[in-house]
Amino acid sequence: MTHLEASYDPRGAIARIEKASNGGPVILIGHSWGANPAYALAGELRKRGRQVRLVTIDPVGGTPAGPRPDVPWINVRGHRWIPNESDIVAGIGGKGSELPVDQANINATVSAHHADLDVMTRARLNGGPSVED
């Protein structure tokens with residue numbers, strides 16, 4: 001698995017993804033503010049004929065670039081009754097992204113704070129597999 005930081009330069013990210021994936025399938029994971037760039041990249045890569053899966057984890061802020069990409073999509077939202085600092089920061093960033101998460105193939109809420117990425121990727125989603133599975 002190759003990890004590429006893509007949020008700052010979408011055009012450059014596509015070139016790096018193409019090179020790193022060698023034409024194979026791509027899994028894009030966007031957490032927090034990174035969800036919107038991952039969503040946009042999924043659409044662009046799909047237009048180029050690439051096999052893409054999209055995972056958005058507790059997306060915040062911003063308007064998505066373009067319509068829902070025609071790719072398998074998992075969205076995980078973290079929620080805790082007693083917030084911590086990461087939840088407060090996410091709220092400042094616009095908790096409740098404008099991504100059309102209701103259109104995700106799997107849309108689940110897990111008991112986790114915004115910064116608990118490991119918890120959100122390991123939790124069973126709606127009684128089924130986890131993101132890690």
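I'll start with one side chain: S86 makes a polar contact with the side chain of N84, at 2.7 Å. The model is predicted, so every distance I quote is computed from that prediction.

Staying with S86, the residue lies in helix α3, which covers residues 85-92. Is S86 buried or exposed? It counts as buried because its relative accessibility is 15%, and the cut-off for buried is under 20%. The S86 side chain also comes to 3.1 Å from the backbone nitrogen of A115. Which residues does S86 touch once neighbours within four places in sequence are set aside? Those contacts are H113, H114 and A115. To put the polar part together, the side chain of S86 has N84 as a side-chain partner at 2.7 Å, and it reaches the backbone of A115 at 3.1 Å.

Now the fold. The protein has four helices and four strands. Read from the N terminus, the order of elements is α-β-α-β-β-α-β-α.

How are the strands arranged in the sheet? The four strands form an open sheet in the order β1-β2-β3-β4, and the pairing is parallel. At the edges sit β1, residues 26-31, and β4, residues 106-111, each of which pairs on one side only. From one strand to the next, the twist averages 15 degrees.

Take the β1 end in more detail. Strand β2 spans residues 52-57 and runs parallel to β1, with six bridges joining the two. Within that pair, I29 is opposite V55 of β2. Helix α2, residues 35-47, packs on the sheet.

A few totals for the whole chain. There are 133 residues in the protein, and 42% of them are buried. S86 counts as buried too, as I said. The accessible surface comes to about 7700 Å², with 54% of that area belonging to carbon and sulfur atoms. For contacts between residues at least 6 apart in sequence, 67% join residues at least 24 apart.

To recap: S86 in helix α3 is in contact with H113, H114 and A115, leaving aside its neighbours within four places in sequence.

How values were computed. Residues numbered from 1 in each chain as written. Predicted model: local features only at pLDDT ≥ 70, side-chain atom pairs only at ≥ 80, totals over all residues. Heavy atoms only, no water. Buried < 20%, exposed > 50% of the residue type's maximum accessible area, 1.4 Å probe, protein only. Contact = heavy atoms within 4.5 Å. Areas by Shrake-Rupley, 256 points an atom, 1.4 Å probe, with all protein chains shown as cover. Polar contact = N/O pair within 3.5 Å; in protein donor to acceptor, adjacent residues only side chain to side chain. Pairing = 2+ DSSP bridges. Axes fitted to C-alpha atoms, helices over the stretch in contact; angles between N-to-C directions.
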